[in-house]
Amino acid sequence: MIIDGFHHQLPDLDPQETQEWLDALDQVVEVQGKPRARFLMSKLIERSRAQNVGVPASVSTPYINTIPPEHEAWFPGDEYLEKRIRRFVRWNAAVMVVRANKAADGIGGHLSTFASSAMLYEVGFNWFFRGKSDGQPGDHVYFQGHGAPGIYARAFLEHRFDEADLDRFRREIGGGLSSYPHPRLMPDFWEYPTVSMGLGPINSIYHARFNKYLHHRRIDDTTESRVWCFVGDGETDEPETLGSISLAGREHLDNLTWVVNCNLQRLDGPVRGNGKVIQELEAMFRGAGWNVIKLIWGANWDPLLARDVDGVLVNRMNAAVDGEYQRYKAEDGAYVREHFFGPDPRLRGMVEHMSDDDVWALRRGGHDYRKVYAAYHAAVNHKGSPTVILAKTIKGWTLGPDVEGRNATHQIKKLSNEQLMMLRERLHLHEEIPEEALAPGADPPYYRPPRGAPECRYLTQRRKALNGRLPKRPAELRRPLDLPDHAPFAEFDAGSGGQAVSTTMAFTRLLRNLARAPGFGERVVPIIPDEGRTFGMDALFKELQIYAASGQKYEPVDHHLILSYKESTGGQILEEGITEAGSTASWIAAATSYATRGVPMVPFFTFYSMFGFQRVGDLIWGAADARARGFLVGATAGRTTLMGEGLQHQDGHSHLLASTVPVCEAYDPAFAYEMSTIVERGLHRMYGAEPDDVFYYLTVYNENYEMPPRPQGIDDAIMAGLYRWAPAPDGPGHRAAIVFSGPSHAAARIAQAELADHYGVAAELWSATSFKKLREEALDVERWNRLHPGEPPRAPYVTRALAGLGPVAAVTDYMTAVPDQVARWVPARYTSLGTDGFGRSDTREALRDFFEVDYRHVVVAVLGALAADGVVAPDLPRSAIGRYGIDPSSLPPRMR
Ligand SMILES: Cc1ncc(C[n+]2csc(CCOP(=O)(O)OP(=O)(O)O)c2C)c(N)n1
Ligand SMILES: [Mg+2]
């Protein structure tokens, strides 16, 4: 006997009664079979639910539609006109891709994704998706990236594009229609970059949560905005897709609707050939507290199911696997009769009165307009939890037998003239598309009904009723943001006055100051992934409070402390728990709120720098595409400054990864005033009168040292990436320069003194706040020179700044490749020291010795350069190596 552990431990008040029930069940199984027993059990569960008995939710239901036909909402529209519109959209989407591939071989495009989801979108466009006209906030719709052709085709019918635009599909150089949703490339159109699978789904969840946050914090009324996310069934394999669905359930995000396009296929083949993806997803979503609507069968199955008195049809539906379902739609009616209905005489009898064509015409739920409408209607009227609609479709639907349900369908981007003729037939476009237009060699034409045509009027009127066209970006500025004056930043100008503090502490203080700034503070969104205490941000828990939709239902364990853990509905901090991906998604929601809602917000996502770019690099890339504005703060930065952690914690390369993101302004400040300048200037650049769509990445450290006061007149240079921090000491004759960033200033400063005291070298100290900025400026200048031959060449800033100083040595807590970004523009011998290799746990001193970035190595580097230049005696470096006890025979750190 199988023992269900937990039931066994419950007290039984009446064992005899229990036994009677069990015997009854055993008898049903024995006499009437398992299906009957299953039926009775589900009836009992249903009744228990109705009686509020509190039975645990079952995670799966039979393989039939969740909404019974008698509960379907009535479709209010003109089905004929909508069908015509849909056909035009389908036709133009296909033709656009085919023409793109005809004109320029290999430019690609996808036919089959949209072919399977056209109806899912069209019902949304005609009846559900709310636009942003007249200052309305509207809905937030995440489209499946590969469905983009269909979204363009609809925009074409709406006269947002013309034929020439469609002909520029995928010719992004010069402003054609982007291959996928890219706000960076089409900033007036696309809002959400979705094509990297999994990012749209996770972003949509945190977006819906962020809307609740805005609402609870009384910043913006978000009750009239729904987040829709269209997801591929294959896409659900991405951890980002399903990884946060429990958050959506837990937070009761009833403003969120997902539509999973279950065409049973991904790129290479079936998603779950040996199982059923819809059943698997149902279980996961139900377990996570979602309202699940399965939309599997079209209306012409309803009469068959109604006659299924003994449950054989449902059993057959339950038994067939996706690999078989895919095959049925790639064959024909006779095959379906034989293989689906055939084996069981009772089933075969059910379809005896139907022709093979009728059997073939039995539809999938996602291709049944009324049922899609009913599912959406149920979703938007559901309260208390998010809804997922699992819509079964056919990949490549209407594109003909060579494409529909084929394993290769995802990659098909061309249709022959015969295939186009067949599509025209399927879509009943005989009048609209003359036969000769599809003659071999001809370019298949687009079709758009004239402006006054009933389809056009209907389309326009429907979108008017739903507040205008979409997608559309950016939203009107609905709640402008006032930037703070210098007050929150002022305290960092004076330095720490003898006190040893870290740049992390300074940053946390600045964050608090900003959150307190009158008229601005409420727009600050501090985001942390369960590292608040590590960064000293626990001090903010009480003051700013942690956002929790349901408030705080318990007295926290530390309630007696001044800095107790405080959750509240109006809380400002998003404490996301251990999810860097979720935190980044929250940051993206806040960082794009200016464009998606017209409500600029100022997010500061502070994370363990090692678990930033390395962990969630693709989300950050997506944020750049989405034109995010905000601050990413990599704390506990550096490979030697964060001691005692080891190789998976100590970050010596996030600045290298950051250097790959075009609009990321990456800074590695050494001092509090540098950090505050970057934030102050950054705020003005991103949220000022002429905002730029960039974001900032700052690394802050946990090493305490005295913060010096701000030197005069260096703010522009801090932002440009480099400034002279200390002059060379008076006296010695040889000249050199040491460039540092972050906490490496200490090694640089001691090296300066050693060089002066022992080696007669006068070294200037330069703070390099951003090698990325320096490199980008230098590249621009280099390009200018290349394209303006004959004109007096210009010199990059880094070249001008470091001219005439003698050899230059750079030292940072990052890999040598970070300072090497500027190597070719340094106008002198350039040496860089860095932390190449795996991090490891030890004291800072031991680590800096190990990675060869302490003052001794800086001295040796400077002397080596001077010797190579012939300025000092050739054996001077060796004597320094001896003096400092360096072992020249050791392996480089990256090999150890
Ligand atoms: C992160 C990521 N990996 C891989 C791809 C390449 N890719 C594009 S579409 C696709 C298959 C999509 O299948 P599914 O999600 O089921 O969507 P469908 O087209 O079937 O609706 C793949 C693997 C991608 N776009 N993003
Ligand atoms: Mg699929």
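In which loop is N52 found? Select N52 and you'll land in the loop between α3 and α4 (79-103). A quick word on those labels: helices (H or I, at least four residues) and strands (E, at least two) are DSSP runs, numbered from the N terminus.

Before you go on, note that this is a predicted model, where local features need pLDDT of at least 70, side-chain atom pairs count only at pLDDT 80 or more, and totals for chains, interfaces and linings use all residues. Residues are numbered from 1 along each chain as its sequence is written, chains are lettered from A and ligands numbered from 1 in the order in which they are written, and side-chain values use heavy atoms, with hydrogens and water left out.

**Stop 1: two positive phi values**

Stay on N52 and check its phi, which is near 55°, a positive value in a residue other than glycine. N52 counts as exposed, at 67% relative accessibility. (Buried means under 20% relative accessible area, exposed over 50%, and partly exposed in between, using a 1.4 Å probe and protein chains only.)

Now jump to H159, in the loop between α6 (148-157) and α7 (163-166). Phi of H159 is positive too, near 65°, again in a residue other than glycine. H159 counts as partly exposed, at 27% relative accessibility.

**Stop 2: the largest pocket**

What counts as a pocket?

Which element gives the largest share of the lining? That's α3, with 11 residues. Other elements that give two or more residues include β4 (291-295), α12 (302-306) and α18 (369-381). Colour the lining by type and you'll get 23 nonpolar, 12 polar and 13 charged residues. (Ala, Val, Leu, Ile, Met, Phe, Trp, Tyr, Cys and Pro count as nonpolar, Asp, Glu, Lys and Arg as charged, and the others, Gly among them, as polar.)

**Stop 3**

Two strands pair if DSSP finds at least two bridges between them. Zoom in on β4 and β5 (residues 387-392): they pair in the parallel sense over five bridges. Here L295 stands opposite A391 in β5.

**Stop 4: the magnesium ion**

Select ligand 2, the magnesium ion. Which residues coordinate it? They are D233 (OD), N263 (OD1) and Q265 (O), at 2.0 to 2.1 Å. (Donors are N, O and S atoms within 2.8 Å of the metal, or 3.2 Å for Na, K and Ca; water is not among the atoms, so sites may look incomplete.) Along the chain the donors follow the spacing D-x29-N-x1-Q. N263 is buried, with a relative accessible area of 5%, and Q265 is buried as well, at 2%.

**Stop 5: an enclosed strand**

Next, pick strand β11 (residues 602-608). Is it enclosed or open? Seven of its seven residues are buried, so β11 is largely enclosed by the rest of the structure. Four bridges join β11 to β7 (residues 524-528), and the two run parallel; V524 stands opposite V602 in β11. Five bridges join β11 to β12 (residues 631-635), also running parallel, and the bridge partner of T606 in β12 is V633.

**Stop 6: two cis peptide bonds**

Finish in the loop between α20 (454-465) and α21 (487-490), where P471 is found. A cis peptide bond joins L470 and P471, with omega about 5°. P474 is found in the loop between α20 and α21 too, and a cis peptide bond joins R473 and P474, with omega about -15°.
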